[in-house]
Amino acid sequence: MYNWLNTLPKAELHLHLEGSLEPELLFSLAERNKIALPWDNVDALRSAYAFGNLQEFLDLYYRGADVLRTEQDFYDLTWAYLQKCEEQNVVHTEPFYDPQTHTDRGIPFEVALRGISDALADGRELLGISSGLILSFLRHLPEEQAFKTLEQAMPYRDAFFAVGLDSSEVGHPPSKFERVFAKARAEGFLAVAHAGEEGPPEYIWEALDLLKVSRIDHGVRAAEDPWLIARLIEEQIPLTVCPLSNTKLRVFDDMSQHNILQLLEQGVKVTVNSDDPAYFGGYVTENFMALHESLGMTEEQARRLAQNSLDARLV
Ligand SMILES: Nc1ncnc2[nH]cnc12
Ligand SMILES: [Zn+2]
């Protein structure tokens, strides 16, 4: 089944480039940039990858991202991810990155963007992988700082097709970012947002009605609200679901409890994605494989999930 799933053509629509930083690359970038790490080796770092919730993961994710300093570092990170895409027949990808994670520690906006954009361009030319980049705002920071980030992006307008919203969800509802999303949409960006990962169904309503998103990232808590499920089906709004992430971050205690196949059978346009594969134990194929092993996902369901990912592309 693994090989069959691996060769199935698919798109990835929920992937944080900073979350694709494998421990081996993290250590080699730390050495290249002469940064001391609190872990003795790759195995010690990997054993720290046990999380009780989203925040515990985010604390380590931001710590790990600190080794990314130069344009070459961002190129290497993105290129390593694209090689995984090639291995797993991900023919199209729409990754996020968080500019504020880097500008807030003194890395100029264009350093990260150039490295990432050059790698994505090489991915198109050398690997035939089409892509579009999403600028994601950090929701634990004030809206004012998201405005500033959007302003920094404007000279590079064509490098992005959409804005997104990630980081600590609970206590930071989409409504906090209504004005900056309106500005981004007026500038021609599409919108997506993480909602209903740890946060309640109300955050999904807000993402749809206030941020006017084209897709919901995660969205698994929509299942608690039948009116919301009806709307997602009626409007065929895609959910970018990340099964291994959801179990690693305890959104579901066990993969056998995951609701993605129930949502699929109800008619919700769900897709399978890896979120932060270096931290959660697998890329897209491993996510599909987990659904087969724990939920009995059939080949026919896998084909529909893969087709949904191709249909839910925004570029
Ligand atoms: N799963 C996730 N949820 C929110 N913010 C994130 N940033 C990286 N991964 C994330
Ligand atoms: Zn995410």
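About 90 Å³ of space lies in the largest cavity of this predicted model. By cavity I mean a set of points, on a 1 Å grid over the protein atoms alone, where a 1.4 Å probe fits but cannot get out. Points are joined across faces, edges and corners, and the volume is the space filled by probe spheres set on them. Lining residues have an atom within 4 Å of a point. There are 14 of them here, and H16, L54, F57, L58 and H194 are the closest to the centre. Helix α4, residues 54–65, gives the largest share of that lining, 4 residues. Helices are DSSP runs of H or I with at least four residues, strands are runs of E with at least two, and both are numbered from the N terminus.

By class, the lining has 5 nonpolar, 4 polar and 5 charged residues. Ala, Val, Leu, Ile, Met, Phe, Trp, Tyr, Cys and Pro count as nonpolar, Asp, Glu, Lys and Arg as charged, and the others, Gly among them, as polar.

The second largest cavity holds about 30 Å³. Among its lining residues are E12, Y81 and V90.

Now the sheet. It is open, with 3 strands in the order β1-β2-β4 and parallel pairing; strands pair if DSSP finds at least two bridges between them. β1 and β2 share 3 bridges, and K10 has V90 in β2 as its bridge partner.

Residues are numbered from 1 along each chain as its sequence is written, and chains are lettered from A and ligands numbered from 1 in written order. Local features need pLDDT of at least 70, side-chain atom pairs 80 or more, while totals for chains, interfaces and linings use all residues, and side-chain values use heavy atoms, without hydrogens and water.

Key:
1 Å grid on protein atoms, 1.4 Å probe; cavity = no way out; pocket = protein on both sides within 12 Å on 5 of 7 lines; lining within 4 Å.
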